[in-house]
Amino acid sequence: MGKKLGIFLVSKNNYQLLPGWVDRVNIEGYEVLNIDEDSTPENKEIGKKTCNDFNIHYMDREEKGLQNNIQSACDYFEKLGCEWVIAFQHDCYPMDNIFFDKFESIIETGKLDEFGVVGFNIHHDGIYQILSRTPIQQPDQDMLVRVHIGTPIPTPYNKPHSVESVYWTAAAINIKQYNKYIIPTSDYQMFQAWDDVAFQFLYNNIHNLVIPEFQMSHEQVIKEKFDIPIKS
C-alpha cells in the first residue's frame, strides 16, 4: 500500500540550504517535491542538480504564488495516491526521527479527514514553542499562541485543538479539502497566503488543527552561514 503523505519545499535562489535540510530530516522513504519559484537560470541549474543528487523531484512553478505552489503540490501527490502534503521551509526540521510515519498513522485512522490545515508545535529559534497564529485578534494583541521553551503548555493548548491559522514554517494540507474549498490566488506571495487559506477553510466551516505532540525546530540562524537574511 502506498504512502498517504507527501513532502514539499518551495525554493528561490536558496539551494545552498537544501543539503542541510536533507541531512537533518529523516524522510523515511516519503516522496519529496521541490517547486522552484522563479530562481535565476544559474540557480535553477544548481537546484536541478541538487535535487537529483538527493532524489528529490524538481518542478518549476506552474502559477506564481504560494497558494498556487500548494495546488501544484496537491496535484502532484494526489496522482501518487497521497491524501496529505506537508510544506516545509528550509530552516525547519522535525524533532522526531520517525515524524512522518507517526503522522501517517493518524491519517490512516481517518480522524483528520474533515480538517483543512494541520499545524505543529514549532520550537522557534530555541526561545518559544509557537502553536498557532491568531490574526483575527485585535491589532495590539500578539498574533501568536506561544510559550517559552521549558514552560509547560497550558490547558487546553497542550492537546489537539482548533485554531484560526497554523504557524506555517511547517504545515500539513488536506489535499481533498484544499481541492474542494480553496480558490488559489497569487495576491499573497508568502506571509498572508497561509492565513488566507485558513480563512477560506473557516469560511466553509472547515476547522484547522494543531497537534502539539508533533514538534518541529525552526532555526533561522542557519541562514546566516550562507549570507541569506535571517528574516525573509
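Me: How do β6 and β10 pair, parallel or antiparallel?
Reply: This is a predicted model. In it, strand β6, residues 117-124, pairs with β10 in the antiparallel sense, over two bridges.

Me: Which residue in β10 is the bridge partner of valine 117?
Reply: Isoleucine 173 is the bridge partner of valine 117.

Me: And what about β4, how many bridges does it have with β10?
Reply: Five bridges, again in the antiparallel sense, and β4 covers residues 84-88. Tryptophan 84 stands opposite asparagine 174 of β10.

Me: Is β10 itself buried or exposed?
Reply: Five of the five residues of β10, residues 170-174, are buried, so the strand is largely enclosed by the rest of the structure. Buried here means under 20% relative accessible area.

Me: Which residues sit on which side of it?
Reply: Ala170, Ala172 and Asn174 are on one side, and Ala171 and Ile173 are on the other.

Me: Why do neighbours in a strand end up on opposite sides?
Reply: Because in a regular strand the side chains alternate between the two faces of the sheet.

Me: Back to β6. How many of its residues are buried?
Reply: Eight of the eight, so β6 is also largely enclosed by the rest of the structure.

Me: Which way does β11 run against β6, parallel or antiparallel?
Reply: Parallel, with seven bridges joining β6 to β11, residues 208-218.

Me: What about β7?
Reply: Strand β7, residues 128-133, runs antiparallel to β6 and is joined to it by three bridges. Histidine 124 has tyrosine 128 of β7 as its bridge partner. The two strands form a hairpin with three residues between them, and aspartate 125 in that hairpin takes a positive phi near 55 degrees.

Me: Switching to helices. At what angle do α3 and α6 pack?
Reply: About 65 degrees, with the axes of α3 (residues 66-78) and α6 (residues 191-203) 9 Å apart. Angles from 65 to 115 degrees count as roughly perpendicular, so α3 is roughly perpendicular to α6.

Me: Which residues make the contact?
Reply: From α3, Leu66, Gln67 and Ile70 take part, and from α6, Ala193, Trp194, Asp196, Val197 and Gln200.

Me: How many of those are nonpolar?
Reply: Five are nonpolar, two are polar and one is charged.

Note on methods:
Residues numbered from 1 in each chain as written. Predicted model: local features only at pLDDT ≥ 70, side-chain atom pairs only at ≥ 80, totals over all residues. Heavy atoms only, no water. Buried < 20%, exposed > 50% of the residue type's maximum accessible area, 1.4 Å probe, protein only. Helix = DSSP H or I, 4+ residues; strand = E, 2+ residues; numbered from the N terminus. Pairing = 2+ DSSP bridges. Axes fitted to C-alpha atoms, helices over the stretch in contact; angles between N-to-C directions. Parallel < 35°, antiparallel > 145°, perpendicular 65-115°, else oblique. Contact = heavy atoms within 4.5 Å. Nonpolar A, V, L, I, M, F, W, Y, C, P; charged D, E, K, R; others polar.
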